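Visitor: Hello! I am new here, and I would like a friendly tour. Could you show me what we will be looking at?

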There are 2 protein chains.
Amino acid sequence: MKFKAFIGKLFSITLVTVSLSSFASEPIQPIERPADIDQSKAALGMKLFFDPRLSKSGFLSCNSCHNLSMGGSDNLKTSIGHNWQQGPINSPTVLNAGLSLAQFWDGRAATLKEQAGGPIANPVEMASSHKLVADVLKTIPQYRAEFQQVFGSPGIDIDRITDAIAEFEKTLVTPNSRFDRWLLGDTKAITARELAGYELFKSSGCTACHSGPAVGANSYHKLGLVRPYKTENAARGRIAVTGNKADEFVFKVPTLRNIELTYPYFHDGEVATLREAVALMGQLQLGRDFTADEVDKITAFLKTLTGDQPTFPLPLLPPSTEQTPQPEPFG
Amino acid sequence: MKFKAFIGKLFSITLVTVSLSSFASEPIQPIERPADIDQSKAALGMKLFFDPRLSKSGFLSCNSCHNLSMGGSDNLKTSIGHNWQQGPINSPTVLNAGLSLAQFWDGRAATLKEQAGGPIANPVEMASSHKLVADVLKTIPQYRAEFQQVFGSPGIDIDRITDAIAEFEKTLVTPNSRFDRWLLGDTKAITARELAGYELFKSSGCTACHSGPAVGANSYHKLGLVRPYKTENAARGRIAVTGNKADEFVFKVPTLRNIELTYPYFHDGEVATLREAVALMGQLQLGRDFTADEVDKITAFLKTLTGDQPTFPLPLLPPSTEQTPQPEPFG
């Protein structure tokens, strides 16, 4: 028994070594659960993420366009905002957003916290104001108590609101995908065909941009590097942030984690299916016309990137009071 | 020890007897969990309840207007539908809706199942069609498998869709409110002031309509029995169903369960606060001007009707496929 245990231990050490070396040489790393989450702050942030009182109408919440039932996205070309206004760009998934080098397609927000304040006050999205949402939440005793408990002093303002939302969003990672299990040494976690898709994904140069734990989201690149991308969408990418002409049509490389769930594709949402997206990316970025079989193989690999989705009880929101400013859905 | 156990048993029997007799004579009965729930059908119904692909836009789900984070309502005067159209009437809570004698404010649907088909195909609500939603769901393998497993044969149609949604809705009860605990013999579950509010609620005649487990929802009555209710809302109540002139302004009596959570009040949603609603109901239905203290006492009682809210993990929805008809949010 002692000998068996020793062998067992040796074996598990070997396994770990194999695992580490197996992904140390890969351009993609497994997703890890975030350390140092402030659980009570994240629990408050979860409520805020689902609370439509963060919008002028009282109808739209963060979850409306970053729906955690649907891969953290809305599965629409571009989003629906206040008064059914059509958003300018495809809503990026909130899943693994904490792994991004910056937020929004053009990277105009440095952090999750900075991003969270954007849609709340954007007239074509939630159409409220930073002051109004704080004024709304201040009238609700349970929120007052929870902010005090989380932040250690009384007070509700946009800084604390977005801080809590960002803390919740940090928890929205999707570890344990089949591909990650493969990276970690479980050779049976993906099929031979999926592995062939991954090899092709690497050998054809996709990993030049789609790398790291998020399989993207760690660099900016031009869309239409080899052939131009034709779109009627007005977004022009990072030029809006830098003012630099060279940044026209340069976007943050989107994460490919959970890509099976976050259709439609591209910043304009004009690409309906994953196979179309793969074929197009081959042409636009690599100047390569993948065969149907190649597209299928890469698509099969990409579907192995769907990880464990965050699961949690639907939050129950504290009711408004007589003092709460009324929503203005039609105002 | 044996003697103690015997006394203990005797005591618990006595308690039960007291409990039964305590609410047997009351006009309100405790909420009970429903028996005979088909759990796998309800689990499918939960997914459908949260699935925005039941709407033409791909953006609105049952939960949009019957938000289970907010007492099963949208907390708006009237709802927001497809293309931000303003709904004609206040969205009733889905909580305890299975206890209603019929569905909708005018009772035009006999069952939860019949109700569920309404908003899906209503052009000012979800704006889809019964055929389209079935066609959408049929293209999704996980749904196909789940319908087959639940119903014992392949096939997805509106009959099965609404059957599953209704099964989920049957589970949305809110037992264990402080008032129910009082009814069941826990004399400390409500305060003396709340009890005084209940006594006044009974003695002034509110229980003529607001009775039974749902504290309402078991009869139709005219709004403005003693003094007319002035509203610009076009809804005229049960006359739309019966064609009977006497049914003008006759509505289903709303449930008062969780009333603290389901503001604003009345069929037109024009009454913002519970205190206003109590004062107005006194005038309109009883011809009585409650004093501020009386209004406060009844309001305090009504807040004891908030029960345990349904809690469950946010459902994860299966992704669409290349065959799935595209949503048309702006079409």
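Visitor: Where does Pro264(B) lie in chain B?
Guide: Welcome! Please keep in mind that this is a predicted model. Look along chain B for strand β2 (250–252) and helix α11 (274–286). Pro264(B) sits in the loop between β2 and α11 of chain B.

Visitor: Is the peptide bond from Tyr263(B) to Pro264(B) cis or trans?
Guide: Most peptide bonds are trans. Here, omega for the bond from Tyr263(B) to Pro264(B) is near -10°. That peptide bond is cis.

Visitor: And in chain A, what is omega for the bond that joins Tyr263(A) and Pro264(A)?
Guide: Pro264(A) is placed in the loop between β2 (250–252) and α11 (274–286) of chain A. A cis peptide bond links Tyr263(A) to Pro264(A), and its omega is about -10°.

Visitor: Is the phi of Asn75(B) positive or negative?
Guide: Find Asn75(B) in the loop between α3 (62–65) and α4 (112–121) of chain B. Most residues other than glycine have a negative phi. Asn75(B) is not a glycine, yet its phi, about 60°, is positive.

Visitor: What is the area buried between chain B and chain A?
Guide: The size of an interface is often given as the accessible area lost when the parts come together. In this model, 47 residues of chain B are in contact with 47 residues of chain A. Carbon and sulfur atoms give 70% of the buried area, which is about 3800 Å².

Visitor: Which side chain of chain A meets Glu322(B) in a salt bridge?
Guide: Between chain B and chain A, the count is two salt bridges. On the side of chain B that touches chain A there are 24 nonpolar, 18 polar and five charged residues. At 2.8 Å, N to O, the partner of Glu322(B) is Arg275(A).

Visitor: Why does the pair of Lys202(A) and Glu26(A) tie together parts that are apart in sequence?
Guide: The side chains of Lys202(A) and Glu26(A) form a salt bridge, 2.7 Å from N to O. Lys202(A) belongs to helix α9 (residues 192–203) of chain A, whereas Glu26(A) is in the loop between α1 (2–24) and α2 (39–50) of that chain, so the pair links parts whose separation in sequence is 176 residues.

Visitor: At what angle do helix α4 and helix α7 of chain A pack?
Guide: Look for α4 at residues 112–121 and α7 at residues 158–170, with axes 8 Å apart. Their crossing is right-handed. Among the residues making the contact are Ile120(A) of α4(A) and Ile165(A) of α7(A). The packing angle is about 115°.

How values were computed: Residues numbered from 1 in each chain as written. Chains lettered and ligands numbered in written order. Predicted model: local features only at pLDDT ≥ 70, side-chain atom pairs only at ≥ 80, totals over all residues. Heavy atoms only, no water. Axes fitted to C-alpha atoms, helices over the stretch in contact; angles between N-to-C directions. Helix = DSSP H or I, 4+ residues; strand = E, 2+ residues; numbered from the N terminus. Left-handed = near helix turned anticlockwise from the far one by under 90°. Contact = heavy atoms within 4.5 Å. Buried area = accessible area lost by both parts, 1.4 Å probe. Salt bridge = Lys/Arg side-chain N within 4 Å of Asp/Glu carboxyl O. Nonpolar A, V, L, I, M, F, W, Y, C, P; charged D, E, K, R; others polar.
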